[in-house]
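Me: I have a model open and want to learn how to read its features. Could you take me through them one at a time?

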Amino acid sequence: MGSNPTLSVSHPTSRPRSETPLSISLAMKHHSPVCLVGGILTAALVLQAPAQAGTLSGTGSDRERIALPPDAVFEVVIEDIARVDAPATPLGQVRLEPAGQPPFRFSIPYSEGDLSPTGRQPSAQAALGRLPASWRGELPAASGRSRWQVDLFSDGSFQLRQTFLDRPAPNSFDDIGRWRLEPQGPRLVLRGGREAPVLLQPIDGGAALRKLDLQGEPIRSSLNDRLMRLPAAEPIEPRLHLQGMFRYLADAASIRLCATGARLPVSMEADYLALERAYLGAQAAGSAGQPLLVNLEGLISQRPSAEPGQGLRRTLVVERFVGVHPGEGCPKTDGAAMPSAAPAPGPSLRGTLWRLQALQDGDGPELRLDADADRVSGSGGCNRLIGGFQLEGEQLRFSELASTKMACPAALMAMEQRYMEALGQVRRWSIDKRNLLLQDGQGRKLLLFKPAPPTP
């Protein structure tokens, strides 16, 4: 059985310097003479207090309180993650081999000259102010008004809620992902589950965020284009379709979200049991506790921590389990890391051949929206379909759908009928990483597609 190390850090005692954010990662591994018993497990945190040159000391403990074998290894690395557009820079590390038994005490010296004086925290604080922070405002929408709220966190993640004020509830749509601050302008880039990133311009040291167009230019309009900073952060509790690497071990469930890279505990409520059963059933023999990619509809909310005395913490609530995908990992464009080069674009709504993955009794149905005309084509799993569509922003409606009349097995025909009926109810679309999600007018999820693999 693997171990789940935890880390506590005492602050350095040398004189303070500029606020440079440091990442502290830890790993524990051990092998048996026969097979790999535990993989490398990592956790990370960012020092909220100003970083100081000198020595960083701390202790690591094992949450499961399991006796470790003699060959266990404990390693801690501190990294400068100040530059948002560059890889992390190792500043020091310590390795205990053999580790012995917890608690593991360590001290890591580092040099003041190694800390970046122009890293993310100083530049971000100058442009955005202190984080976490929330901005809110009403912006024009294609069919009325919409209220936007953006939450930014110092770890590089964001939350976004767009509420359409002229529609009946449910009329709010959430997104999460990673943010980065471009040096020119500067411009704030939010890359989450939308087809295109959201571009904003910080104003007056973060007092406001100005909404930009898709090319990063100011919107030429007399209507409001600004979100105003709230006096204190008021983070939303996002509800959306999510992908992540789920893990269940020693009665503890956690997930690393593909969208942000954040690791959250998973609450054992709502549709959690369906997730756990599918996860355990998909585990290969001898691989208990290994993370698997899962799809689900979830709520990120505050829940009491399982750790004594820790209070509330951000936790994932599984509202509807969708699927588990053994052997797959988070998409490379998931935004968990923000490289200096522009990330490879994800699939576009138009021109992509989408393959249905949400219906459990077949994966044959396909869909393609033409790139140059408002025509749709595809397959229901048996018959070919054609028709038209109307696309306006995030609103989508199919029309004049027709299909061939080939005879197929009864079960396949029944599935195809449900598929066609669901297409007729579609009113909204979104791309969550590389998945296309179609919803009805009330925000209910109808169909989930993934891009079909390229033909050789």
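**Reading the features**

Reply: Asp-440 is buried, at a relative accessible area of 4%. Buried means under 20% relative accessible area, exposed over 50%, and partly exposed in between (1.4 Å probe, protein chains only). This is a predicted model: local features need pLDDT of at least 70, side-chain atom pairs count only at pLDDT 80 or more, and totals for chains, interfaces and linings use all residues. Residues are numbered from 1 along each chain as its sequence is written, and side-chain values use heavy atoms, with hydrogens and water left out.

Me: With which residue does Asp-440 form a salt bridge?

Reply: A salt bridge is a side-chain nitrogen of Lys or Arg within 4 Å of a carboxyl oxygen of Asp or Glu. Asp-440 forms one with Arg-444, and the closest N and O atoms are 2.9 Å apart. Arg-444 is exposed, at 51% relative accessibility. Shared partners also link salt bridges into one network of Glu-138, Arg-145 and Asp-166.

Me: How many salt bridges does the structure hold?

Reply: It holds 15. Among them is Glu-182 with Arg-187, with 2.8 Å between the closest N and O atoms. Glu-182 is buried at 14% relative accessibility, and Arg-187 is partly exposed at 25%.

Me: How do I read an aromatic pair?

Reply: A pair of aromatic rings is described by the distance of the centres and the angle of the planes. Rings of Phe, Tyr and Trp (its six-membered ring) pair if their centres lie within 6.5 Å; planes under 30 degrees apart count as stacked, over 60 as edge-to-face and the rest as tilted. The structure holds four aromatic pairs. Phe-164 and Phe-173 form an edge-to-face one, 5.9 Å centre to centre with 65 degrees between the planes. Phe-164 is buried at 6% relative accessible area, and Phe-173 is buried at 12%.

Me: Which charged residue lies over the face of Phe-173?

Reply: A charge sits over a ring if NZ of Lys or CZ of Arg is within 6 Å of the ring centre and within 35 degrees of the ring normal. Arg-428 lies over Phe-173, at 3.2 Å from the ring centre.

Me: And the strands: in what order do the eight close into a barrel?

Reply: Strands of a sheet pair through backbone hydrogen bonds, either parallel or antiparallel. Strands (E, at least two residues) are DSSP runs, numbered from the N terminus. Two of them pair if DSSP finds at least two bridges between them. The barrel order is β9-β10-β11-β12-β13-β14-β15-β16, with antiparallel pairing. Nine bridges join β9 (residues 133-141) to β10 (residues 144-152). Ser-134 has Asp-151 in β10 as its bridge partner.

Methods. Helices (H or I, at least four residues) and strands (E, at least two) are DSSP runs, numbered from the N terminus.
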